[in-house]
Amino acid sequence: AVVDTPEVAPIEAALKLKGWKLTHILNTHWHGDHTGGNEELKRRHGCVIVGPRNESAKIPGIDVAVGEHDEVKLGAITATVYDTPGHTAGHIVYHFPSESKVFVGDTMFAM
């Protein structure tokens with residue numbers, strides 16, 4: 001899986017280098033610097049595009065719309081989705097608690 005797709009070439013290079021198959025794109029919000037490669041990567045790899053429910057009409061190629069407390073399974077790991085409006089009204093983040101990772105797109109947090 002890849003989180004956001006600003007450009008196709010670097011993603012393709014990373015996939016080739018690692019020998020990985022692209023199964024999912026997880027979009028955090030609709031801006032082009034986060035969704036620009038969606039349709040080309042989907043065409044090339046047949047991957048599933050997951051994105052924010054509240055911006056689904058703006059996410060190119062979206063297959064699955066998610067929001068607060070939804071879960072996204074990637075193989076043996078699961079992400080919990082949280083709505084984080086601010087940068088855009090429908091912005092979301094993907095939290096992988098088993099991996100101690102969170103992908104926040106353009107959301108900023110202050111502690």
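**Charged and aromatic side-chain contacts**

In the predicted model, R53 is partly exposed, with a relative accessible area of 41%. The side chain of R53 meets that of D70 in a salt bridge, with an N to O distance of 2.4 Å. This pair links distant parts of the chain, 17 residues apart: R53 lies in the loop between β3 (48-52) and β4 (64-66), and D70 in the loop between β4 and β5 (71-74). D70 is likewise partly exposed, at a relative accessible area of 23%.

The structure holds four salt bridges in total. Among them is the contact between R44 and E12, in which the closest N and O atoms are 3.0 Å apart. R44 has a relative accessible area of 43% and is partly exposed. E12 has a relative accessibility of 18% and counts as buried, because the cut-off for buried residues is under 20%.

R44 also forms a salt bridge with E40, at 2.4 Å from N to O. Both residues of this pair lie in helix α3, where R44 and E40 are four residues apart, about one turn of the helix. E40 counts as partly exposed, with a relative accessibility of 30%. The R53 and D70 pair, by contrast, connects two loops, one between β3 and β4 and the other between β4 and β5. Through salt bridges that share partners, E12, E40 and R44 are joined into one network.

Aromatic rings were examined next. A search of the whole structure finds one aromatic pair. The rings are those of F96 and F103, with centres 5.9 Å apart and planes at 85°, so the arrangement is edge-to-face. The assignment follows because planes over 60 degrees apart count as edge-to-face. F96 is buried, at 5% relative accessibility, whereas F103 is partly exposed, with a relative accessible area of 35%.

A contact between a charged side chain and an aromatic ring is present at W30. K58 lies over the face of W30, at 4.5 Å from the ring centre.

Technical notes: Residues are numbered from 1 along each chain as its sequence is written. This is a predicted model: local features need pLDDT of at least 70, side-chain atom pairs count only at pLDDT 80 or more; totals for chains, interfaces and linings use all residues. Side-chain values use heavy atoms; hydrogens and water are left out. Rings of Phe, Tyr and Trp (its six-membered ring) pair if their centres lie within 6.5 Å; planes under 30 degrees apart count as stacked, over 60 as edge-to-face and the rest as tilted. Buried means under 20% relative accessible area, exposed over 50%, partly exposed in between (1.4 Å probe, protein chains only). A charge sits over a ring if NZ of Lys or CZ of Arg is within 6 Å of the ring centre and within 35 degrees of the ring normal.
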